[in-house]
Amino acid sequence: MMKRPTDSQNEIIQFPYIPASTLKVIAGPGSGKTYTLLCKVRELIQTGQVKPREIIILSLTNKAVDNITDNLLGVFQELSDKPYTDHEVDDIVSQIGIYTIHGLSNRIVTENMGIVNIIEENGWRGLVKLIPKDFWNKRNVNTANDRIITKKLQKLINEYQIDTDNIDETIEKVTKLMKHSNVLTNDDLIKMAVEFLKEPNSEEDTAFTKFVLNEAKVLIIDEFQDLYPGIFKLLKTLLGQKHFLIFGDINQSIYEFLGSNKEVMSELDRLRPDDKKFTKYIHDNFRSTPEITAAANAVINQTVPVQIKRENIVEKHPSGVYPIKYNCEELIDELDFIVSEICQLVCSSAKLSDIGILARTNSHSKAIADHLSTFGIPVSKLTTQPDWMSDQRIRFMIDLLQVAVSVIEEATLPKDASFTMKTKSNFSVIVTLAALKGFGSNTLQKLHENATATGASIWHFLTNTPVSKWGFTPAVTKKLENYLLAVSTLINDPPILEVEQPHILIDNCSSVISKLDLPLFMCDSNSESGSFQVNLKEFYSAIKLSLLSKPQDLPTATWFLETFHDQSIIYHNNQKSITQEQNTLGSVNVSTIHCAKGLEFPIVFLMGRTDYGNFPIETNALYVAVTRARNLLYLMNVQHRSLSAFPDRQSSLLQNQAFWKYYNSDLKRPFHASNVNNAMKFKKLQTKFGLMNRYFHSLSQSLKILRR
């Protein structure tokens, strides 16, 4: 991290606090935008313009929020005059509100209506089982494909919420279930937060909601190019008389499928009068070499404004190496080229963890990761959230916790409580029942209808109605009895709300799972079993991490269910950095372009191929991908009009000692030149992996194509 702000950064840091004003900071990749944002926060606090608790920092992604959280302590600690003790710095940083936009919305909604379920894949699959087959047949939807019908159900529910006059009885039933069980999509979460900001629940303690709306004085948005129309009303409601700072770069807007970012920025611009709107720029570039920066600027057709003097811009010295273009016909040739280049790079002093391979699709990134793994090259797949959160088995364990907590809360309600309050557990019960082997759609539909007819939750219906009156076959009845017996241990033996230790929570959930017939937990291979063990450890650590911020009066299970979406990413990234340190070479990072946004790598392989052919890459996505590279960029089958002027593949970097001296100096590593040793190491790897034979195979294939 830079220790001294540049002139352009200082203009922003020193800009005064002005209530009801907007300061827009336009800063490109590698310009030190986040550092400037953090120094601005420090300046506001250190000069007494605002208190730490009066600052709210928001971003759309966990990655951006985690980056801010990780680096905020360091910005305060680097002050030369040391005005704060370490304890005081910890206290200051803990008071600053740092959230994803959905995380802030979740906290507002949870404070006003209790724990909510943000619906994930398991949830949608459970809801699909409530839909009769005839419903899909009438719409010519293939019910054999789970992915198709879950996507179709999401679309139908969204359409129903927009146009409630166009009532469909089946969709209305599912929508009511979601509402009664506090099940929300991410879009619903934002809408509910806006409603509660405008009118907090008078029956609940809504101190946080009122504070965010009325007492916070500074609202900061990181990565404004990620904003989309669905969150404009939330920002407008939050804004009030706050000093509004927005940092970002419109050229990095790659989420247009969510809606127009330009539309949001125009709407935000209209919220302030002209004399309360200010714009600042940062043109510095601390990340990419001038050669890579030239390629990036060519992509978006950008030049430095004539009024900006080059000597006032901070940038790196040239490396002497331009982006490397490589084109080939076959995917296998592309993959073998990557393996060969990785071997050369490692032999030349690069680490595996220096390398980022960016693909356009998930399937392509998987193919790359699988290919590298066959050579024994360690791979780290980068995702928008930790692997454990995407693991359906871990999600099932969370659903079990949700069942237990909801049922316990329902049992304490007064008799005259509303139907909605009495049936919050329904969704989690449906999701967990749907995962049982042989528990079909018809059974689940009938169970839900029977319970609804009695005005009770599914759990209450099953536990308070004689088994003979359930109305199911002996086989189904036995499954339900077994389910009740197993899950009841979380509710009564001892109650899950009395369990404080994370390992006991997980042990209790595991005990329930062992008593149920769940295909979900049947691992087909050692690797699948191994990945579950890794994810289970991260799940445990995420629960443990949540205890650091848990209020004394809240049970561990309740607090975790309220906050795990925001707790997870911090542990995940910390764990990843620890793993990289333990292995000196680390592992190659494989990601989609979208997942790599906000990251940087010393070396980037950008893959232009898609599942449907080698089509030109979208301009903003290409710009984001190119600007992830710090020192070396490979353009693999990348088609874009702006890159035609750049030369094709240059000579091998293995002997380019000047570049590797530059490379290691930039990364603050020692470097010892040795052309002979590098070449010998590479030859050994070529022999080990059979790369020479594969190279001659590719060459002969190319000659055949030329002859044709």
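Which residues gather in a patch of negative charge on the surface? They are D86, E88, D90 and D91. Keep in mind that this is a predicted model. Take D91 from that group. D91 sits in helix α4, residues 86-95. Its relative accessible area is 39%, so D91 is partly exposed.

K191, K198, K233 and K236 form a positive surface patch. Two helices each supply at least two residues of this positive patch: α10 (186-198) and α12 (232-239). K233 belongs to α12. Buried or exposed, K233? Exposed, because its relative accessible area is 60% and the cut-off is over 50%.

Next, salt bridges. The count comes to 23.

Start with D222 and K33. Their side chains meet at 2.7 Å, N to O. D222 is in strand β6, residues 218-222, and K33 is in helix α2, so this pair ties together parts 189 residues apart in sequence. Both D222 and K33 are buried.

Then K597 and D226. Their closest N and O atoms are 2.9 Å apart. K597 lies in the loop between α27 (593-596) and β13 (601-607), while D226 lies in the loop between β6 and α12, so the pair ties together parts 371 residues apart in sequence. K597 and D226 are both buried.

How do these residues connect? K33, D222, E223, D226 and K597 are linked in a network of salt bridges.

D168 is in the loop between α8 (146-162) and α9 (169-180), and R139 is in the loop between α7 (133-138) and α8; the two are 29 residues apart. D168 has 22% relative accessibility, so it counts as partly exposed. R139 is partly exposed too, at 33%.

Back to α2, the helix that holds K33. Just after α2 comes G48, with a positive phi of about 75 degrees.

Last stop, L545. This residue is found in helix α25, residues 526-546. With a relative accessible area of 23%, L545 is partly exposed. L545 and P502 are 43 residues apart in sequence, and their C-alpha atoms are 9.6 Å apart in space.

Terms used:
Residues numbered from 1 in each chain as written. Predicted model: local features only at pLDDT ≥ 70, side-chain atom pairs only at ≥ 80, totals over all residues. Heavy atoms only, no water. Patch = residues over 30% accessible without salt bridge, like charges linked within 9 Å, V, L, I, M, F, W, Y side chains within 5 Å. Areas by Shrake-Rupley, 256 points an atom, 1.4 Å probe, with all protein chains shown as cover. Salt bridge = Lys/Arg side-chain N within 4 Å of Asp/Glu carboxyl O. Lys, Arg positive; Asp, Glu negative; His and termini not counted. Charge placed at Lys NZ, Arg CZ, Asp CG, Glu CD. Helix = DSSP H or I, 4+ residues; strand = E, 2+ residues; numbered from the N terminus. Buried < 20%, exposed > 50% of the residue type's maximum accessible area, 1.4 Å probe, protein only.
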